[in-house]
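Visitor: I'd like to learn how to read a few features in a protein model. Can you walk me through it?

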Amino acid sequence: MPATVVAEGPRLMHRGPIAIDLLGKLEWMRCSIGQFWEEETCKGKPVKLTLSQVPEVAARFEQLDDGGWRLPTRDELEALVSDNEKPPMINLETFPNTPPDKYWTSKSNFLNPRNHWVVNFYTGYRYGRVFPNQSQYVRLVRNRKKIRF
């Protein structure tokens with residue numbers, strides 16, 4: 001079994017396909033939707049989904065390791081942004097092969113509810129002007145239920 005690794009100081013730990021956010025009390029899928037965990041990295045091609053496609057895809061993971069997978073809030077996803085020298089602006093040791101692009105959050109824009117928030121890992125910024133029918137990448141998260149290490 002691989003050793004547990006701590007990334008981003010004391011905040012993130014990871015082993016296998018799951019990263020644990022100790023401060024946020026969350027568990028993250030280390031791979032984007034469309035990728036799979038193999039040989040200690042994310043392989044395959046991540047896929048972009050419209051917002052209406054996300055619940056069906058998340059439901060496929062309900063049987064996986066206690067379920068509970070969902071889209072992250074804007075704040076949760078923004079907490080993964082790293083101040084890297086070049087994109088993607090995310091810790092690639094914890095989240096390997098992450099595309100430098102936009103990822104869905106679960107939050108609609110309160111100023112214009114037709115639009116949704118995304119976090120762009122190319123720039124590290126958030127944007128609240130994305131329409132739900134546009135396709136974006138997805139990284140699922142769940143609330144931490146129990147200690148798994």
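Visitor: Is Glu78 buried, exposed or partly exposed, and what is its relative accessibility?

Guide: Keep in mind that this is a predicted model. Buried means under 20% relative accessible area and exposed means over 50%, with partly exposed in between. Glu78 comes out at 23%, so Glu78 counts as partly exposed.

Visitor: Which side chain does Glu78 meet in a salt bridge?

Guide: The partner is Arg126, with 2.9 Å from N to O. Glu78 sits in helix H2 and Arg126 in strand E9, so the pair ties together parts 48 residues apart in sequence. Arg126 has 40% relative accessibility, so Arg126 is partly exposed.

Visitor: How many salt bridges does the structure hold?

Guide: There are eleven. One of them joins Arg144 and Glu27, whose closest N and O atoms are 3.9 Å apart. Arg144 lies in the segment after strand E10 and Glu27 in strand E4, so parts 117 residues apart in sequence are tied together. Glu27 is at 0% relative accessibility, so Glu27 counts as buried, while Arg144, at 26%, is partly exposed.

Visitor: And disulfides, what are they in general?

Guide: A disulfide is a covalent bond between the sulfur atoms of two cysteines. Here, a search of the whole structure turns up one. Cys31 and Cys42 form it, with their sulfur atoms 2.2 Å apart. Cys31 is in the loop between strands E4 and E5, and Cys42 is in strand E6, eleven residues apart.

Visitor: Are those two cysteines buried or exposed?

Guide: Cys31 and Cys42 are both buried. Their link is left-handed, with -100 degrees about the S-S bond.

Conventions:
Residues numbered from 1 in each chain as written. Predicted model: local features only at pLDDT ≥ 70, side-chain atom pairs only at ≥ 80, totals over all residues. Heavy atoms only, no water. Disulfide = S-S within 2.5 Å. Helix = DSSP H or I, 4+ residues; strand = E, 2+ residues; numbered from the N terminus. Buried < 20%, exposed > 50% of the residue type's maximum accessible area, 1.4 Å probe, protein only. Salt bridge = Lys/Arg side-chain N within 4 Å of Asp/Glu carboxyl O.
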